[in-house]
Amino acid sequence: MKKILVPTDFSENAHKAMHYAAKLAQRCGGSLHVVHAFNLLENIFIDKPTMRDAYNKQQQEEKTAALLQEKQALNEQYPGLHTEIHLFSGPVSGVLKTYAQDKKIDFMVMGTQGASGLAEVIIGSVTASTIEDSEIPVLAIPAGYMAKAPEVILLAVRDFDRDSSKLIPVFDMASIYDVPVHIFAFESDMDSDVEISEKAEELESFTKFLQQEFPLARLKATLHEDEDFEYAIEDYCSDNNIGMICMLTHKRGFWGKFFNRSLTKKMAFHSTIPLLAIPC
């Protein structure tokens, strides 16, 4: 049974992510774990500990009540879905990482807020830090996204790693929703014809390898030549009714091996469809 973790700050977008996760849990016969983390007031300038303690107690009671309300709403809308709620104090990313390890969580689903300029650093910091630190796949749901089951899943790659275990979450998602997977390989249009031809051969070989590893998968491979990854993938998603983008991430460079950090961060912040980040 899949265990799905959903962090919430009780915002509208967190609410959307929670319902996306609930529907996903229903499809795979999984359980939902709703977690809220908050910081206790520990201001050294407050000279009356009783005031501080009273404030912290009030915050804890209010947030517990909000979580109970969320659970009740989920139970009413998704009867039979096993739902757990948990309240913690401490940094969000640290709380989520520890909880995921302790409970052996399979996926995390969380809302992300689109932004630009300096706001991108502030608004997207929680999602970005969670993805960076997470040891499990994180499915980021954009603020404006209207939740629906994907009809096609896109696996975006730049290199062709033959460790199929890294890609199990992609094909798990494809199996849960019973949809095809499009393999999208990006190549700069500044490369020579020979380089592009070699990349095309590598993609064909990689696709055959994946078909052997995941024989039930329905695969389609495309090598896209462009100088702008973000626009190329957005156009492809729009033209091919893509409902989820999957990317591999690596600890050694925030997003790491497959994509330039700035390009992938733009996708994480600006994508209009869910983005599944898979740690390697």
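The side chains of Lys166 and Asp161 are joined by a salt bridge, with N and O 2.5 Å apart. This is a predicted model, and the values below are computed from it. Asp161 has a relative accessibility of 18%. That makes Asp161 buried, because the cut-off for buried is under 20%.

The whole structure holds five salt bridges. Side chains of opposite charge can pair when their charged atoms come close. Two further examples follow.

Take Lys97 and Glu135. They form a salt bridge whose closest N and O atoms are 3.8 Å apart. The pair links distant parts of the chain, 38 residues apart. Lys97 sits in helix H3, residues 92-103. Glu135 sits in the loop between helix H5 (125-133) and strand S5 (138-142). How exposed is Lys97, and what is its relative accessible area? Lys97 is partly exposed, at 32%. Glu135 is partly exposed as well, with 47% relative accessibility.

Now turn to Lys208 and Glu204. Their side chains meet in a salt bridge of 3.7 Å, N to O. Both residues belong to helix H7, residues 193-213. They are four residues apart, so about one helical turn separates them. Lys208 counts as exposed, at 52% relative accessibility. Glu204 has a relative accessible area of 48%. Glu204 is therefore partly exposed, because exposed requires over 50%.

Next, go to the start of the chain. Strand S1 covers residues 3-7. Is S1 mostly covered or mostly open? It is mostly covered, with four of its five residues buried. S1 has strand partners. One is strand S2, residues 31-38, which runs parallel to S1 and is joined to it by five bridges. Within this pairing, Lys3 stands opposite Ser31 in S2. Another partner is strand S4, residues 107-112. S1 and S4 also pair in the parallel sense, over two bridges. Here Leu5 stands opposite Met108 in S4.

Helix H1 spans residues 12-28. Together S1, H1 and S2 make a β-α-β unit. Which hand does that unit have? It is right-handed. In a regular strand the side chains alternate between the two faces of the sheet.

Phe88 lies in strand S3, residues 82-89, and Tyr99 lies in helix H3. The pair thus ties together parts that are 11 residues apart in sequence. Helix H3 is also where Lys97 sits. Phe88 is partly exposed, with a relative accessible area of 31%. Tyr99 is buried, at 5%.

Finish with Cys280. This residue lies in the segment after strand S10, residues 275-279. Cys280 counts as partly exposed, with 34% relative accessibility. How far from Cys280 is Ser165, in sequence and in space? The two are 115 residues apart in sequence. Their C-alpha atoms are 9.5 Å apart in space.

Notes:
Residues are numbered from 1 along each chain as its sequence is written. This is a predicted model: local features need pLDDT of at least 70, side-chain atom pairs count only at pLDDT 80 or more; totals for chains, interfaces and linings use all residues. Side-chain values use heavy atoms; hydrogens and water are left out. Buried means under 20% relative accessible area, exposed over 50%, partly exposed in between (1.4 Å probe, protein chains only). Two strands pair if DSSP finds at least two bridges between them. A crossover is right-handed if, with the strands pointing away from the viewer, the path from the first strand over the helix to the second runs clockwise. A salt bridge is a side-chain nitrogen of Lys or Arg within 4 Å of a carboxyl oxygen of Asp or Glu.
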